[in-house]
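Let's take a walk through this model together, moving from its open spaces to its charged pairs and on to one of its helices. Keep the structure open beside you as you read.

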Amino acid sequence: MAAPTVADLRSDTLTRPTPGMREAMVHAEVGDDVYGEDPTVALLEKQVAALIGHEAALFMPTGSMANQVGLALHAGPGQEIVTDHLAHVLRAELGAAAAHSGISARSWVADRGLLDVDTFLSVVVPDGGPYQVSTACVVVENTHNFGGGTVQPLADLQALREGTRAVGVGVHLDGARLWNAHVATGVPLADYGACADTVSVCLSKGLGAPVGSVLTGSAEQMARARVLRKRMGGGMRQVGILAAAGRYALEHQLARLADDHARARRVAEAVGTAYPLVVDPQTVQTNILVLDVSPAGWAAADFIAAAAGEGVLGYATDARRVRFVWHLDVDDPMSAHATEVLLELLGRGADDRG
């Protein structure tokens, strides 16, 4: 029989509402948000817009919808976005930009998803005329999910904003885990917000809300976004119950993201010390640990299956790499167990190779 699950590290979307969050949801004041009459939603939108330093915000049911509405604000049918090859909007949103908005995309290979300003700007074609696709928007992800929780340097984001503004191209920041970047670096959220025209942030990952993301931008953009949200099926009614969870998360569960970062880093240091080809601990900046298990003789899918049998759940991002994500439902004993299992499996693979 398989061992009972001890540490579920597949994603930080697995977080469950805390008792305090549930209490806030029970007592939330609600109204019809399609009519713009839910007071708790209005408070959440105002709060997030202020944090990001933008004029307005719009509550969304999902992060993918927040990103897709954001892209549609910048680009129309036959135009393109430019981003890196690991970006969530390309790898994990099922071609939504093309399917819903007729937007095409070009990408470049990015080490751990790190922003390369010169490459980004060299790819951009602001006016392709009648012969080439015109670039309407560049997309940056911070922190970078498939890159391993990579934090984009603020100076690079600022340089990209300068370069795109000079040629009239928009910037959308996929900030699903922007909270993690803020906690890891101390950079104010508004400084990140100043580097983009629109920003999406997620409430249902490390912050622990059961559902919801928020898109921020100008008041004019958010008025258009409300139409696009409805068109995509995202109009919601008495949704203050969910907005209350997001407000609680921001007020009570933001600073604790540092605990997730610390646990992920401790595991990275233990694994990286024993198996330096598997992970460089210096690259683990937030709550995501990506291991290249191939040097230890493992295929990613086999490694994940073996770890699950020992009570540690993770995710294979490709044939070589596995991902483990820390969150508020993973404590120190669970993290210690994960360390033991990962080291044992990597050692087993190395031994098997002889």
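What follows looks at pockets, a cavity, salt bridges and a helix, in that order.

A few ground rules come first. Please bear in mind that this is a predicted model, in which local features need pLDDT of at least 70 and side-chain atom pairs count only at pLDDT 80 or more, while totals for chains, interfaces and linings use all residues. Residues are numbered from 1 along each chain as its sequence is written, and side-chain values use heavy atoms, with hydrogens and water left out.

Let's begin with empty space. Rolling a probe the size of a water molecule over the atoms shows where such space is left. The search runs on a 1 Å grid over the protein atoms alone: a cavity is a set of points where a 1.4 Å probe fits but cannot get out, a pocket is an open set with protein on both sides within 12 Å along at least five of seven lines, and lining residues have an atom within 4 Å of a point. Grid points are joined across faces, edges and corners, and a volume is the space filled by probe spheres set on the points.

The largest pocket holds about 410 Å³ of space. Its lining is made of 24 residues, and R112, F146, G147, V290 and R321 are the ones nearest its centre. Strand 9 (residues 288–292) gives the largest share of that lining, four residues. Helices (H or I, at least four residues) and strands (E, at least two) are DSSP runs here, numbered from the N terminus. Sorted by class, the lining has 12 nonpolar, five polar and seven charged residues. In this scheme Ala, Val, Leu, Ile, Met, Phe, Trp, Tyr, Cys and Pro count as nonpolar, Asp, Glu, Lys and Arg as charged, and the others, Gly among them, as polar.

The second largest pocket has a volume of about 160 Å³. You can find it by selecting A72, A75, G76, P77, H100, S101, L228, R231 and M232, which line it.

About 40 Å³ of space lies in the largest cavity, which is lined by V140, L157, L160, V171, L173, Y192, C195 and A196. Helix 7 (154–167) and strand 6 each supply at least two of the lining residues. By class, the lining has eight nonpolar residues, with no polar and no charged ones.

Charged pairs are our next stop. Side chains of opposite charge can pair when their charged atoms come close. The structure holds 15 salt bridges, each a side-chain nitrogen of Lys or Arg within 4 Å of a carboxyl oxygen of Asp or Glu. One of them joins R177 and D12, at 2.7 Å from N to O. R177 sits in the loop between strand 6 (170–175) and helix 8 (178–185) and D12 in the loop between strand 1 (7–8) and helix 1 (19–26), so this pair ties together parts that are 165 residues apart in sequence. R177 is buried, at 4% relative accessible area, and D12 is buried too, at 0%. Buried means under 20% relative accessible area, exposed over 50%, and partly exposed in between (1.4 Å probe, protein chains only).

Another salt bridge links D332 and R263, whose closest N and O atoms are 2.7 Å apart. D332 belongs to helix 14 (residues 332–353) and R263 to helix 12 (residues 257–274), so the pair ties together parts 69 residues apart in sequence. D332 is partly exposed at 41% relative accessibility, whereas R263 is buried at 15%.

Finally, have a look at helix 2 (residues 39–52). Its buried residues are T40, V41, L44, E45, Q47, V48, A49 and I52.
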